[in-house]
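Thanks for coming, everyone. Please look at the screen, and keep the sequence beside the picture.

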Amino acid sequence: MTPEQPPTAEYRIEDLAHLSGATVRTIRAYQDRGLLPRPERRGRANVYGDVHLARLRQIADLLDRGYTLASIKELLEAWDAGRDLGGVLGLVAEIDGPWTDEKPTRITRNDLDAAFAGTPNEQAVTEAVELGVLVRVPGRDDEFLVPSPQELAVASELHAAGVPLLAISGHLRELRGQVEHIASRFLDFTAEHVFQSFLNHPPTEAETAEATALVRRLRPLAQQTIDAELARAMRTLATRYIHHHLAEALSSGTAGASGPSGPSGPSGLQEPAGLVPEPELLPGAAMAPGPAADLRPATGSEAVLLPVAAVQAVRDLVGPENTAAFIAAAAQREAHARAMDALAAAARGTRPAAEDAPGH
């Protein structure tokens with residue numbers, strides 16, 4: 001004789017909301033999104049059962065673990081399709097997990113103000129909260145969660161170097177958009193060349209485990225690639241940047257030293273003929289009280305007139321004892337670079353790029 005099955009529990013939506021801890025509005029929203037099965041219709045009433053209650057508790061548990069509703073829907077569809085949810089959960093947990101070893105910290109408002117020159121700035125704090133650099137702690141107006149202490153430390157150092165707080169937040173917004181573009185390209189690249197075989201069909205348990213292991217292996221590659229490429233770019237561009245501005249300073253000094261009256265301009269200063277190639281013959285340059293600094297090299301070299309600001313900038317960078325040698329070496333390197341550009345352009349049958357630049 002077959003044992004009698006216990007009667008299936010039936011709930012009105014209000015009862016289901018009370019038992020599950022969800023609101024009536026939330027239950028209906030889950031139904032609309034396909035997260036919850038439709039109730040049984042009886043006359044003019046909707047009837048829910050234990051399946052609905054269990055599903056609501058599953059959703060609440062996954063939300064507490066940090067999953068989004070979109071991810072939860074995929075997981076529940078995998079469960080409904082008869083696949084082991086454990087493997088799918090492991091893959092999603094690996095992807096949704098932290099992509100850095102950095103640990104969040106907390107900071108009080110007093111410590112935050114102290115880290116930024118001790119002056120409260122409500123607009124800057126609001127910007128930081130909008131960007132997620134700071135997260136308000138519920139019930140604690142004087143305390144913030146700091147998801148990335150390194151990012152906050154960078155902002156503090158930039159501010160100490162003279163960068164306005166709102167300029168820092170504006171720069172971060174721009175940088176974030178560019179980094180998200182790079183991350184998107186990396187994901188597209190790995191999806192095409194690594195994970196394509198897992199995307200064409202619902203993965204088996206073995207494929208899910210393999211994909212999880214691949215995510216774990218590839219996770220650090222994005223950071224390592226960006227670190228290496230950023231270091232390369234900074235080295236290349238920083239060298240090019242200082243050469244460009246130093247060349248501008250040298251050319252502006254030369255133009256200021258000559259005038260319509262010929263070799264000796266209105267200031268009466270002799271127009272320089274060039275910069276000597278022997279940097280070791282150039283000791284530190286003394287600052288002149290006029291609009292330009294006069295480099296007085298040793299015998300066998302030639303004096304060159306430079307703007308005071310340019311010489312001071314180089315002195316701040318390398319020290320007084322290396323100022324003249326740095327300027328000579330930088331100018332010589334710039335001349336060589338321009339000559340190489342001209343040769344390369346000639347080989348391509350085009351003019352050098354410098355000739356096409358505005359004002360050249």
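Let me start with a question: in β5, which residue is the bridge partner of Val137? It is Arg140.

β4 and β5 form it, with two residues between the strands. Gly139 sits in the turn and has a positive phi of about 80°. The two strands pair in the antiparallel sense, over three bridges.

Now look at the other partner of β5. Strand β5 covers residues 140-146, and four bridges join it to β3. This pair runs antiparallel. Which residue of β5 is the bridge partner of Thr105? Val146 is. Next, Arg106 stands opposite Leu145 in β5.

We get an open sheet of three strands, in the order β3-β5-β4, with antiparallel pairing. β3 (105-108) and β4 (135-137) each have a single partner strand, so one side of each is left without a neighbour in the sheet. Direction ignored, neighbouring strands here are turned by 40° against each other on average. As a reminder, strands of a sheet pair through backbone hydrogen bonds, either parallel or antiparallel.

Next, the helices. Which residues of α1 are buried? Ile13, Leu16, Ala17 and Ser20 are. Seen down the axis of α1, these buried residues fall within an arc of 100°, so they line one face of the helix. Here is the background. An α-helix has 3.6 residues a turn, so residues three or four places apart point the same way. What lies over the buried residues of α1? The cover includes α2 and α3. Just after α1 comes Gly21, with a positive phi of about 85°.

The largest nonpolar core has 18 residues. Leu16, Ile27 and Ile72 have the most contacts inside it. Four helices each supply at least two residues of this core: α1 (13-20), α2 (24-32), α3 (50-64) and α4 (69-80). Which helix gives the most? That is α3, with four residues.

Zoom in on Ile27. Leave aside its neighbours within four places in sequence. Ile27 then contacts Ile13, Leu16, Ala17 and Ser20, along with Ala22, Leu36, Tyr48 and Leu56.

Step back to the whole chain. It has 14 helices and seven strands. Of its 360 residues, 30% count as buried. Take the contacts with a separation of 6 or more: 51% of them join residues 24 or more positions apart.

Last, confidence. The chain averages a pLDDT of 75, and 69% of the residues score at least 70. Where is confidence highest, and where is it lowest? It is highest in helix α8 (residues 149-160), at 95. It is lowest in strand β6 (residues 292-295), at a mean of 40. Now the two ends. Where pLDDT is low, the predicted coordinates should not be read in detail.

That is my tour. Questions, please.

Terms used: Residues numbered from 1 in each chain as written. Predicted model: local features only at pLDDT ≥ 70, side-chain atom pairs only at ≥ 80, totals over all residues. Heavy atoms only, no water. Core = buried A, V, L, I, M, F, W, Y, C linked by side-chain atoms within 4.5 Å. Buried < 20%, exposed > 50% of the residue type's maximum accessible area, 1.4 Å probe, protein only. Contact = heavy atoms within 4.5 Å. Arc of directions from axis to C-beta. Pairing = 2+ DSSP bridges. Axes fitted to C-alpha atoms, helices over the stretch in contact; angles between N-to-C directions. pLDDT = per-residue confidence, 0-100.
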